[in-house]
Structures are given as structure tokens and as C-alpha cells.
Amino acid sequence: MASDILLLSPKIRLSLRTLASLTSSCSHTTPFGCRSTHIITTKPNSRSSSAFATTSTGTFTWNDVAGISQPETVSDDPSDLKAYFDKIRICNRGSDLQSEFVPFVIEDQIVGYIHNGFAGHLRKFQDVFTFPLDNPSNGVTLHKSLRTPDDRTTAVGEVIKSLGELIPGIRNELYPVTSSFGSRIFFSLERAAAPYFGIKVYGVQMNGYVEKGDQKFLWIGKRSPAKQTYPGMLDQLVAGGLPHGISCGENIVKECEEEAGIPRSIASGATPVGAVSYMDIDGYGYKRDVLFCYDLKLPESFIPNNEDGEVESFKLIPVEHVANVIRRTYFFKPNCCLVIIDFLFRHGYINPECFGYLDLLQSLKSGDCS
């Protein structure tokens, strides 16, 4: 595993030809709106690539990351926030398409949103889903015979299996269905189906950083090329969804061990520092995600080691250079950009003198953060 400190020599440069080869991308759309795309190094538009799509293997290397991260590689202004706004927009597309969705309602609580087209497939399962006859816009609900969370989980799970390729990437991992964080759980839903039912999904993401003198560094991971989603792209040191039956704090400790080999004795020092949220509509999918952010100051001697095969390698990079990569490229998994931008605010790398400071700060919670 290449986990040594990234050497950022001023001699490293990306030629225009190399940059051009890195910024090629192509995509195709499945019949149901979940897109498969090559690595997103050019700006994804609102229809050609998904912020939650499955992607093919990344084509850039750590040397490419090193070259483009150099302050002098590109003549740009670090105080210009436009590129950060761009990364946030990528996670918040499709607001003009909300009228194509109907509420998913359980016991008079809106727990999600379902596309009219996807709802048509659910109509075949009349013993599971109910559609108001007088006004379909009132939403979709579950059949009154499904009274308990276990009954609902089982019934909806069978529907998801029956839908087959309509919902790709089944993980056999359950997420709680609730109207807001910490409130009553109505049932549990297969993770891959979450965007199709528009439920709120919660996750944890952690910035692992090191201090050397007066300079801070971030440990950055490069996702395994075998990952179903965003293979080969850059990622937080530690991140994961919040499945049913585990707290945020315990989940971050678990993910620390699995993804970076961080022992509990160190991981328990991770500090919760807030949350970011976003809303993304693409095809039949309606993502409403809330990410709980954590910081963990790591010893200089610590070297991460992936335990679950989901990370190809790690590099330790100066925070200023990580910011350059975010502003100049699309190498990072999109929602990671939000978490790192939040880190840049909290650690003083983005300051009130930057034009658009408050707007950018507010945009980190563009989704329903509840």
C-alpha cells in the first residue's frame, strides 16, 4: 500500500496534454435514471452524470493529484470561492424536478418522495402500497395491514427484490426510515433503494488531520477501483452510512477501524463538529442526505491501513493543497467536497474577507438538515 507522505515537489507539473487527457468523460443513462459514468474530472452537468451514480475506475494517479495541487501550477486566487460553489451545486441538482415526485407518507408523516414513474411500478404491489384514488398527489403510503416495523421491512424488502434491475447495486444493508433524525423509525429499507423512495439518509464522515509545526495536513484516501460507486476517486480518511441500530459515535469508531486501521483508543477521540446536507434529484432518484462531520487529530507517526478492501491507498497532503485539488478538479467523490469545505471554514482557511463567505457557509446545508 502506498501510504507514505505525498511529496509535492515544485518540479511536478501537469502538461496541458495530460490535463486534457484527464478531463475526458463519458456517461450513459440506464432506463431508470441511475447513470454509469467514467471518472468525473470535468464538470458534471445536471443531466449527464449523477451525484450518486456508479462510476467506472478513476484514471488519475497520485502524481496527477500532486501536480495539480501545487499553488503555482494554476494561476488562480485561493480566496475566490466560485469553484467551491460549483462543487456544492453538483450535490444539489434537480430542484426544478420536485413536481415529478409525490410524498411517501407513513402514519401521516412524510418520510420520503417517490417519482411518478417509479410509483407506476409500485402499483403492481397493491398488498404493500396504497395510492389515494381521489388525489394521487396526496402521496403513496403502505397498506394498512402492515402495522409493525418488521412487517413493513419484510414486505417492502420483497418488493425491492421483485423489481430486480430497476434498483441496481443491492447491498443487503438496511437504513432506518424516519421523518427526522432521532424520531420514530417506521421501518428499515435496503440502502440501494433509499434514493428511489426519497428517504433521508444519514452518514458519518471524518477528516483525519496531522499538525506539523504551524502546518496542517489531511489524510486522503483513494477509493478502490473495485468499489461499486465512485471507484478510484478521492475520499475522506473515514466515511460511512449510518445503518439501522448504531449510533453516530459508535459508527465512526467502527469505520475508523475498518477503513483506516485506526484503533479504538485513538478513534474514540474523534470530535463531532456539525453536519452538512444536500438534495439531489436525478431520474427516479431523490437523495436527501445529512452527513455528520467529525475531526480527528492524529499522531505524526500514525499511518492508515485499510482493513476492508475499499481503499486503494492513502496520502498525507497539506490542507492548502487539498483545497487546490477541490477547486481545480473533480477528483473527489462529490459529497466529500462539502465535508472538506466545512473543515476549511472551521480551521480558518476560508475567512470572512472572501466574497460570498456567508452564502457558501449556508449552502453547506442546502438539504433538509433535520
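Start by selecting Lys287 and Asp289: both are buried (under 20% relative accessible area with a 1.4 Å probe and protein chains only; exposed is over 50%, and partly exposed lies in between). Lys287 and Asp289 form a salt bridge, with their closest N and O atoms 2.8 Å apart. The term salt bridge is used here for a side-chain nitrogen of Lys or Arg within 4 Å of a carboxyl oxygen of Asp or Glu.

A word on what is on your screen: this is a predicted model, in which local features need pLDDT of at least 70 and side-chain atom pairs count only at pLDDT 80 or more, while totals for chains, interfaces and linings use all residues. Residues are numbered from 1 along each chain as its sequence is written, and side-chain values use heavy atoms, leaving out hydrogens and water.

By the salt-bridge rule, the count comes to 19. Side chains of opposite charge can pair when their charged atoms come close.

Next, select Glu250 and Arg264. This pair forms a salt bridge whose closest N and O atoms are 2.7 Å apart. Glu250 lies in helix H7 (residues 248-260) and Arg264 in helix H8 (residues 264-267), so the pair ties together parts that are 14 residues apart in sequence. Helices here are DSSP runs of H or I with at least four residues, numbered from the N terminus. Glu250 counts as partly exposed, at 35% relative accessibility.

Now move to Asp76 and Arg328, another salt bridge, where the closest N and O atoms are 2.9 Å apart. Asp76 sits in the loop between helix H2 (62-69) and helix H3 (82-90), and Arg328 in helix H9, so the pair ties together parts that are 252 residues apart in sequence. Asp76 is partly exposed, with a relative accessible area of 30%, whereas Arg328 is buried at 17%.

Which residues of H9 and H10 make the contact? Show Val319, Val322, Ala323 and Ile326 of H9 with Cys337, Ile340, Phe343 and Leu344 of H10; contact means heavy atoms within 4.5 Å.

Methods: Helices (H or I, at least four residues) and strands (E, at least two) are DSSP runs, numbered from the N terminus.
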